[in-house]
Amino acid sequence: MEVLNIAEPKSRPRLPDWLRTKLPTSASFTHTRALLEELKLHTVCESAKCPNHWECWSKGTATFMIAGDRCTRACGFCAVSTAKPFALEADEPNRVAEATRRMRLKHVVITAVARDDLADGGADHFRQTIEAVRALNPGTVIEVLVPDFNAREAAIETVLSVRPHIFNHNLETVRRLTPAVRSRATYDRSLAVLARVKAKRGGEIFTKSGLMLGLGETEDELFTAMKDLRKAGCDILTLGQYLQPTLRHLPVVEFVRPEKFDEYGARARSLGFVHVASGPMVRSSYHADEFHLTPLTEH
Ligand code: SF4
């Protein structure tokens, strides 16, 4: 992989042209912000400083982050604050359901910080949120982007029991870089979580994962990670460029060119992923609504 712009490690490198985004200012963006404020909801769009959040909000999509905005882990790439979390809010599931209704979302993504302070890792809060969203929005596709729940069988089963359409858990990076990039999570545990979901509910739930590129991985390591995900039965893959949220976070080692993302996307499809989103600005939930569910038996 070609390395660009790494001259001054203490300052953030200038973004290549393909990563510069226009900031849309539409009425829809303002409306979404007002609605989220009124319903006191957190979005990963803001908490993780996602570069696409202007675009997504302007289009009326958002990824809700439940169980607070304080995480018990401290991943080297993530802008969510690490602090002792507050207690869960019992009415939050209904507020997420109401926001989904008012935003008329056809595809909602629900994620959470890692709640290692809770016995079930927050799994039951996910369950309640899925149930509330479905009750108020029966036609909406529900995707969850979950932490690893320390691979606790009961926690995973709690989430699966309410049948989200898509179970997303990010591998984030290749095996060698995992200890430096992720906090407490392990490469094998994440694969085991995905494999367990596929083994338990593979016929009805799509599994999904994502990798960030540009952290120093080699192509061989990337292809191995893709193959490992396929071995775990993962159906959907996202590949996007890692961007350093602040100077306190891991530096970008490489800006991967768009044509490379196309090449990697084609490689992933050839490995059997049923849907692949690969591009510099792709994030876990970016354009998630463009994936259309078809019965899993067709694959
Ligand atoms: S577990 Fe890591 S990636 Fe997830 S919210 Fe916490 S710090 Fe961020």
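# A guided tour of the predicted model

Begin with strand 6 and strand 7, which pair in the parallel sense over 3 bridges; two strands pair if DSSP finds at least two bridges between them. Helices (H or I, at least four residues) and strands (E, at least two) are DSSP runs, numbered from the N terminus. The model is a predicted one, in which local features need pLDDT of at least 70, side-chain atom pairs count only at pLDDT 80 or more, and totals for chains, interfaces and linings use all residues. Residues are numbered from 1 along each chain as its sequence is written, and side-chain values use heavy atoms, with hydrogens and water left out.

**The sheet**

Select L145 and then N168 in strand 7, its bridge partner.

Select residues 206-213, which form strand 8; 8 of its 8 residues are buried. Buried means under 20% relative accessible area, exposed over 50%, and partly exposed in between, with a 1.4 Å probe and protein chains only. In a regular strand the side chains alternate between the two faces of the sheet. Colour F206, K208, G210 and M212, which point one way from strand 8, and then T207, S209, L211 and L213, which point the other way.

Strand 7 joins strand 8 in the parallel sense over 3 bridges, and I166 stands opposite F206. With strand 9 (residues 236-241), strand 8 again pairs in the parallel sense, over 6 bridges. There, L213 has Q241 as its bridge partner. From strand 8 the chain passes through helix 9 (residues 219-231) to strand 9, in a right-handed β-α-β crossover. Right-handed describes a path that runs clockwise from the first strand over the helix to the second, with the strands pointing away from the viewer.

**Helix 8 against helix 9**

Now show helix 8 together with helix 9: the two pack at an angle of about 35°, with their axes 9 Å apart. Select Y187, L191 and L194 in helix 8, which meet T224, A225, D228 and L229 in helix 9; contact means heavy atoms within 4.5 Å. By class, this contact has 5 nonpolar, 1 polar and 1 charged residues. Ala, Val, Leu, Ile, Met, Phe, Trp, Tyr, Cys and Pro count as nonpolar, Asp, Glu, Lys and Arg as charged, and the others, Gly among them, as polar.

**Helix 4**

Move to residues 92-102, helix 4, where 8 of its 11 residues are buried. These are E92, P93, R95, V96, A97, E98, A99 and T100. The buried residues of helix 4 pack against helix 1 (27-38), strand 2 (63-66), strand 5 (107-112) and helix 5 (123-136). Just after helix 4, select R104, which takes a positive phi of about 55°.

**Two loop residues**

Most residues other than glycine have a negative phi. A151 is in the loop between strand 6 (141-145) and helix 6 (153-160) and is buried, at 18% relative accessibility. Then select E172, with a positive phi of about 70°. E172 is in the loop between strand 7 (166-168) and helix 7 (178-181), and its 15% relative accessibility places it among the buried residues.

T178 lies in helix 7 and counts as buried because its relative accessibility is 3%. Beyond its neighbours within four places in sequence, T178 is in contact with T173, A185, T186 and Y187.

V276 is found in strand 10 and is buried at 8% relative accessibility. Residues up to four places away in sequence aside, V276 touches L237, G265, A268 and R269. The C-alpha atoms of V276 and A266, 10 residues apart along the chain, are separated by 8.4 Å.

**The ligand**

Finally, select the ligand. Which residues surround it? They are C71, R73, C75, F77, C78 and A114, where a residue is near a molecule if one of its heavy atoms lies within 4 Å of it. This shell divides into 5 nonpolar, no polar and 1 charged residues.

Notes:
Axes fitted to C-alpha atoms, helices over the stretch in contact; angles between N-to-C directions.
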